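These are notes for a colleague opening this entry. Please read them with the structure in view.

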Amino acid sequence: MADFGFNELHQNEVINYMRFARSKRALRLKTIDSCFQDLKDSRLIEETYTVDEVSDMLDGLQVLVRGEVEMELINTAHTNVLLLRQLFSQAEKFYLRLQTDISELENRELLEQVAEFEKTDFKPNSKVNQESSKPKLAPLNEGGVSELLQKEISRLQEDNDKLKARLRTLESQAMNALDDKSKAERALKALQKSQGDHQFAMCAQEIANLEGTVAAMQADFEKTLNANVASQKDLQDSLVSAKHDLLRVQEQLSLAEKELEKKFQQTAAYRNMKEILTKKNEHIKDLRKRLQRYESDE
């Protein structure tokens, strides 16, 4: 950071801002990962999909990811404005006029230096740490302007520490809410799968029994045909009637399966799971609003 011409105090301020930006970036990346995981857990539950279904899932995912990225870019721009506001406000108190060069924001050489500094994980040498940890005596005969500046710096540092603690608390609450939402969705899917497997087993057993009955009737028909050709027509009619009964029973089973599924959606367990998911979603929205409100306060 010596190449930028910063003193120790300003270097620490830059480090604090880069750490803040890194934490915000990590939180937004976790949110984007959550969007993809939610799609996998909620939509990718079958083996085959049509082109329209895949296109619909991708469109929904695009809307979510686009919204998260746009929100992060907007928040970054607003955060930078607030940072400039702090610097300009401090300069105006001492009748200073600061100017910015927008073209320098795209200076590749300087951007590479900043990226290289970030890779060091903000670990200055031990000598700087030792010197910064030692208490420093205030100079004698210090003017009123310097004393006022020192008090303002102390106040800003105290406010910054409080805001950092509040930010960590809100981030922890947001992550816990996302984890609870994922657990509730997995539990709901497991319950639905368990109910579906039980119904499928019952239908399969019933069909197997009917198929066995038809097979037995066919065997009896063949045996009787060999014994008495005259009764062939009656046996054929009986077989046709049995097949009709089988189709009718299969249709009844299909209707019963749909009715069971409808009843399951009306059970207390399903409504409770749905209510939990709704509350978790509202909690997450509330936390996001609180985060946005906190960023606006900054």
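1. How much space lies in the second largest pocket? The model is predicted, and in it that pocket holds about 410 Å³ of space. Its lining consists of 21 residues, and those closest to the centre are Cys-35, Asp-38, Leu-64, Lys-181 and Arg-288.

2. Helix 1 (8-42), helix 2, helix 5 (144-227) and helix 7 (268-297) each give at least two residues to the second largest pocket. Helix 2 has the largest share, with eight residues. By class, the lining of this pocket is made up of eight nonpolar, six polar and seven charged residues.

3. Searching the whole structure turns up one cavity of 30 Å³ or more. The volume of the largest cavity is about 200 Å³. It is lined by 16 residues, of which Leu-27, Arg-28, Thr-31, Arg-288 and Leu-291 are the closest to its centre.

4. Which elements give two or more residues to the lining of the largest cavity? They are helix 1, helix 2, helix 5 and helix 7. Here the largest share, six residues, belongs to helix 7, whereas in the second largest pocket the largest share comes from helix 2.

5. On the packing of helix 1 against helix 2: the two axes come within 10 Å and cross at roughly 170°. An angle over 145 degrees counts as roughly antiparallel, so helix 1 is roughly antiparallel to helix 2. On the helix 1 side the contact includes Arg-28, Thr-31, Cys-35 and Leu-39, and on the helix 2 side it includes Leu-61, Leu-64, Glu-68 and Leu-83. The contact as a whole has 13 nonpolar, four polar and five charged residues.

6. How do helix 1 and helix 3 lie, and at what angle do they pack? Helix 3 covers residues 108-119, and its axis is 12 Å from that of helix 1, at an angle of about 80°. The two helices are therefore roughly perpendicular to each other. Helix 1 contributes Ile-15, Met-18, Arg-22 and Arg-25 to the contact, and helix 3 contributes Val-114, Phe-117 and Glu-118. These residues are four nonpolar and three charged, with no polar ones.

7. A remark on confidence. The mean pLDDT of the chain is 78, and 84% of the residues score at least 70. Confidence is highest in helix 2 (residues 51-93), with a mean of 87, and lowest in helix 4 (residues 126-133), with a mean of 43. Over residues 124-144 the pLDDT stays under 50, and for this stretch the model has six contacts beyond four places in sequence.

Key. Residues numbered from 1 in each chain as written. Predicted model: local features only at pLDDT ≥ 70, side-chain atom pairs only at ≥ 80, totals over all residues. Heavy atoms only, no water. pLDDT = per-residue confidence, 0-100. Helix = DSSP H or I, 4+ residues; strand = E, 2+ residues; numbered from the N terminus. Contact = heavy atoms within 4.5 Å. 1 Å grid on protein atoms, 1.4 Å probe; cavity = no way out; pocket = protein on both sides within 12 Å on 5 of 7 lines; lining within 4 Å. Points joined across faces, edges and corners; volume = space filled by probe spheres on them. Nonpolar A, V, L, I, M, F, W, Y, C, P; charged D, E, K, R; others polar. Axes fitted to C-alpha atoms, helices over the stretch in contact; angles between N-to-C directions. Parallel < 35°, antiparallel > 145°, perpendicular 65-115°, else oblique.
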